[in-house]
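Please look first at the chain as a whole, and then follow the paragraphs below from its overall make-up to individual side chains.

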Amino acid sequence: MSKNSEPSMFHSVIVSPFNWFKMLAKEMHWSFVYGVVAVNGISQGLGGAICKVASDYYWKDVQRVMPSEAQVYQGITTLPWIIKPLWGILTDVLPVAGYRRRPYFIFAGFLGAISMLILWLQSESCTVLALLLLTAGSAAVAISDVTIDACVAQNSISHPSLAADMQSLCGFCSSVGGLLGFSISGLLMHAFSSQGVLGLLSIPAALVFSVGMVLKEVHVPNFAYQKVHHKLSQANRTMWATLKCPEVWRPCIFMYMSLALSLNIQEGMFYWYTDTETGPSFSQGTISFIFSIGSVGSLLGVLLYQNSLKDYPFRCLLFWSQLLSSLTGMLDLILVLRLNLNLGMPDKLFAVIDESVSQMIGRVRWMPILVLSSKLCPSGIEGTFFALLMSIDHSGLLTSSWGGGLLLNILNVTRTEFDNLWLAVLIRNVLRVVPLALLFLVPKSDQHSMILPTNVLMKTEIEENLTVENDTKIKPLLEEA
């Protein structure tokens with residue numbers, strides 16, 4: 001297929017998703033699509049949804065911690081995502097057995113399966129051990145995520161007009177996986193308990209392991225491991241030089257602030273959801289249903305972005321999505337104040353609407369950030385730099401989580417006291433508007449344009465040193481030799 005025919009193929013997404021998958025599989029190789037499905041769809045989407053419900057109940061019912069503590073613990077488990085550049089730089093400059101990506105999928109799958117099985121089998125509910133195991137499981141997902149992101153980033157350089165489609169593929173798989181995960185989480189919780197359900201997450205980890213066995217990539221023989229330190233230094237210089245570009249550091253500031261100022265008070269909301277005195281006393285099945293419909297909203301957000309919004313400029317799309325994120329957050333306020341009952345709308349119905357709308361807007365806000373990040377990656381260290389950008393985003397999410405935990409603690413929102421929860425929701429919604437003052441840092445260009453200067457996009461020294469001895473260029477990842 002020639003590149004000139006690609007634009008017409010993109011519109012096939014509207015007519016036939018099957019043709020869209022087929023086109024991506026043909027352009028990138030089927031194992032790339034399988035990797036996205038396994039990592040983004042099953043490991044992160046389905047597994048992440050199940051883990052969210054199971055871990056919420058695990059901290060609440062097994063470990064019996066306060067909402068603010070649970071919020072902090074959930075933040076700690078995301079720490080491996082903060083050091084994503086470490087995983088990224090390893091995939092870029094340190095091949096194992098001649099491969100840059102496959103061994104890291106294998107390691108991630110093994111780590112995830114072992115940690116979840118140990119958590120399942122531990123007889124005593126030791127908080128520190130549980131936190132370590134959940135963090136190890138999160139590290140496994142982070143490593144597989146950064147490796148598949150490296151594949152996406154590298155293919156975004158070789159197929160720039162397909163960058164938005166590849167991010168849509170990741171988002172689509174993640175949303176569908178989340179929908180399935182939330183749909184069955186209630187049944188799994190009823191059948192196995194929260195600790196048993198967490199143990200079942202070893203199955204998605206095994207699929208990640210299989211990605212490393214089948215992934216199509218070019219073999220790099222006779223790699224000079226004694227030059228690893230030199231290559232790491234080169235990678236650091238390239239990253240620093242790229243970060244100093246105004247086209248890079250300016251949007252990074254906006255992305256961090258937009259995420260950090262959207263304080264995460266989800267644990268407070270979850271404890272209130274399940275409270276039998278002042279809350280709506282939702283059952284496990286109801287919680288699962290609410291989150292599953294929320295995943296439908298997330299999926300609709302992906303489809304809306306792919307079919308209608310991917311041609312809009314970054315600045316325009318981020319402005320409206322950020323503003324709508326603040327406005328839709330007021331639905332939580334209506335629910336907590338029980339104003340929905342005055343409107344004759346039951347808690348369950350209103351919570352479903354709230355979750356689905358919030359997830360849809362959140363996905364629409366997240367998609368252009370991913371596309372923008374993929375276009376800021378210099379050639380040769382795609383995995384490392386994309387991981388660096390994602391670690392900045394996850395630093396924002398960690399700040400949001402710990403800031404939300406601090407806010408819940410200050411307002412004295414506990415396992416049984418929720419009098420000030422409405423105030424926490426209001427403060428969160430107001431802070432979501434603040435990043436709009438920094439929107440000028442985001443480029444005005446559309447999502448199909450190159451953003452980095454030409455000299456940065458040129459093949460780097462890192463990439464040159466990863467070529468075979470006869471100086472033949474390594475072809476784009478997963479492309480047929």
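This is a predicted model: local features need pLDDT of at least 70, side-chain atom pairs count only at pLDDT 80 or more; totals for chains, interfaces and linings use all residues.

Residues are numbered from 1 along each chain as its sequence is written, and side-chain values use heavy atoms, with hydrogens and water left out.

The protein chain contains 23 helices and zero strands. Helices (H or I, at least four residues) and strands (E, at least two) are DSSP runs, numbered from the N terminus. The chain has 481 residues, and 57% of them count as buried. A residue is called buried under 20% relative accessible area, exposed over 50%, and partly exposed in between, using a 1.4 Å probe and protein chains only. Contacts give a further view of the fold, a contact being defined by heavy atoms within 4.5 Å. Among contacts in the protein chain with a separation of 6 or more, 85% join residues 24 or more positions apart.

We turn next to the surface. The protein chain has an accessible surface of about 19200 Å², and carbon and sulfur atoms account for 66% of this area. Such areas come from the Shrake-Rupley method with a 1.4 Å probe, and for residues only the protein chains shown count as cover. A nonpolar patch on the surface is formed by Trp30, Phe110, Ile114, Ile118, Phe209, Met213 and Val214, which together have about 660 Å² of accessible area. Patches are made of residues with over 30% relative accessible area and no salt bridge; like charges are joined within 9 Å, and nonpolar side chains (Val, Leu, Ile, Met, Phe, Trp, Tyr) within 5 Å. Helix H8 (102-121) and helix H11 (202-214) each contribute at least two residues to the nonpolar patch. One member, Ile118, lies in helix H8, and Ile118 counts as partly exposed because its relative accessibility is 42%.

What is the relative accessible area of Met390? The value for Met390 is 3%, and therefore this residue is buried. Met390 belongs to helix H20, which covers residues 382-410. Apart from neighbours within four places in sequence, Met390 is in contact with Lys84, Asp149, Trp366, Leu370 and Ser373.

The charged side chains come next. Side chains of opposite charge can pair when their charged atoms come close. A salt bridge is defined here as a side-chain nitrogen of Lys or Arg within 4 Å of a carboxyl oxygen of Asp or Glu. By this rule there are three salt bridges. In one of them, Arg428 meets Asp332 at an N to O distance of 3.0 Å. This pair links distant parts of the chain, with Arg428 in helix H21 (residues 421-431) and Asp332 in helix H17 (residues 330-336), 96 residues apart. Arg428 counts as buried because its relative accessibility is 5%, and Asp332 is likewise buried, at 11%. Arg338 and Asp347 form another salt bridge, with their closest N and O atoms 2.3 Å apart. Here Arg338 is partly exposed, at 22% relative accessibility, whereas Asp347 is buried, at 11%. Asp61 also forms a salt bridge with Lys60, and the closest N and O atoms are 3.5 Å apart.

Aromatic rings complete the account. A pair of aromatic rings is described by the distance of the centres and the angle of the planes. Rings of Phe, Tyr and Trp (its six-membered ring) pair if their centres lie within 6.5 Å; planes under 30 degrees apart count as stacked, over 60 as edge-to-face, and the rest as tilted. The whole structure holds eight aromatic pairs. The rings of Trp59 and Tyr73 have centres 4.9 Å apart and planes at 35°, so this pair is tilted. Trp59 lies in helix H4 (residues 30-62) and Tyr73 in helix H5 (residues 67-76), so the pair ties together parts that are 14 residues apart in sequence. Both Trp59 and Tyr73 are buried. Phe319 and Trp320, by contrast, form an edge-to-face pair, 5.1 Å centre to centre with 85° between the planes. Ring pairs also link Tyr57, Phe270 and Tyr271 into a cluster.
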